[in-house]
Amino acid sequence: MAHGSPEGDPQFSGGRDQSAGPEGGRAPELPEASKALAVDILVHGAQSRAQLAKKTGLSAPTLTRLVRPLLDAGVLVESDSIRGHGRGRSSVLLDVVDDDYRYVGVKLTSESIYAVLTNLRAEVLASRTLPTLSLDVPDVVSAVAGVVADLREGAGRAVWGVGVTVGGRVHDGETVADSPFLHWHDVPFRTMLAKRVGVPLFLANDVVGLTMAQQWFGYGRTCADFALLTVGAGVGYGLVIDHAIVPTLVSPVSHLPIDPHGPLCFAGHRGCMTAFVTSAAMADTVSLARGRRTSYDEVLELAEAGDPAASRVVTEAAHAVGRAAAAITSLTGVEHIILSGEGVRLLEIAPESLHAGRVEYAGGQASALDPVILSMDFLEWARGAAVVAIRASFPDTLPGPTP
Ligand SMILES: [Zn+2]
């Protein structure tokens, strides 16, 4: 999967041509330092000038100068009702009006289209799940345009951006270069869809979206460095170092070798991560052992009930995730690891195997920080897609001065 950073990575440059908001309004060019303050307030909540001065080391006059264009542009508001400690202007809290803005996030899978409507802080207000009836590109374009229109209709506010994510390589924020799940190659999906959706549209890899969501609105909010490892239909990997999303090569963890005696993956590797932990591979192994078709959810239920074949497969999968987490820490030095993805429940069933995998090559010593296991479903992927749109448009394209 192609990963990248929102700044400086061509994956995220797509869609910038449509930086005007839904009504064509556009905030005047904001200084970079002002934008950084706005992002800090969006991510960490309302803060006073005094708090911001302390945090950033900026002088009070500098802060006042940087905050003014944000107030003029309507990006920030001063709240009279909520006051911080102390008296005077420096203690008035500054905040975004997160409920004034709506975003839509859509995650495409081969089976379903997951869509959410959020506010500016990526809180989910409504959601839709519909079956992917066809993987033909024009059909998917129509289906996504339909669900976006549906969510916009009930939004009650203007929708400022739509983010769409897919598993696979996304090139330049424009093209789905390769998606093994959708069986698409070089599909100029953003442009095709943008013609049908009348708001700025952003396309990204699904794990990039999830990493962005974790960084601004999740566990990663308080970490300068963290890695995200997801398990489910695929194996995803996101890396943030010194607050920046690090672009990684295609599938650096998907086919990481775990055990030379392990099962085969679809690409012919023996004992890689995909062979051990993806939901289809685990279901196939258990189906073979039991002589009957067994779904991934059944595998987890059987493992919890003590079925030997299912328990072995789940135990080995958790062990493989532990080894991969240890490898990520060894290679990057990053100790904060978030384990997530729609298949993450396997780790809750076999925590001791996860731990065993982490300490195996670390001299019996796991890194000081236990990984954080975040339960999630497919709608969380859609929320990640909404965050792609939020991050691409905030604060530059919010409306001009409020009357
Ligand atoms: Zn493989």
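Tutor: The model is a predicted one. Strand β4 (residues 102-108) and β5 run antiparallel and are joined by six bridges. Let us start from this pair.

Student: Which residue of β5 stands opposite Y103?

Tutor: β4 and β5 are antiparallel, and a hairpin of three residues connects them. Within this pairing, the residue of β5 that faces Y103 is T118.

Student: How many bridges join β5 to strand β6?

Tutor: β5 also pairs with β6 (residues 124-131), again in the antiparallel sense. The number of bridges between β5 and β6 is seven.

Student: Which residue in the turn between β5 and β6 has a positive phi?

Tutor: β5 and β6 form a hairpin, with five residues between the two strands. A phi of about 60° is found in this turn, and the residue concerned is A122.

Student: Why is β5 described as largely enclosed by the rest of the structure?

Tutor: Burial here requires 20 or more other C-beta atoms within 10 Å of the residue's own. Strand β5 (residues 112-118) has seven residues, and it is largely enclosed because the number of them that are buried is six.

Student: Are the residues of strand β12 that point to either side buried or exposed?

Tutor: In a regular strand, side chains alternate between the two faces of the sheet. In β12, F226, L228 and T230 point one way, while A227, L229 and V231 point the other way. Six of the six residues of β12 (residues 226-231) are covered in this sense, and on both sides the residues are buried.

Student: In which sense does β12 run relative to β15, parallel or antiparallel?

Tutor: β12 has an antiparallel pairing with β13 (residues 235-241) over six bridges; a hairpin of three residues joins these two strands, and V231 stands opposite V235. With β15 (residues 337-340), β12 forms four bridges, and T230 has S340 as its bridge partner. The sense of the β12 and β15 pairing is parallel.

Note on methods:
Residues are numbered from 1 along each chain as its sequence is written. This is a predicted model: local features need pLDDT of at least 70, side-chain atom pairs count only at pLDDT 80 or more; totals for chains, interfaces and linings use all residues. A residue is buried if 20 or more other C-beta atoms lie within 10 Å of its own, exposed if 12 or fewer, and partly exposed in between; C-beta atoms are placed from the backbone. Two strands pair if DSSP finds at least two bridges between them.
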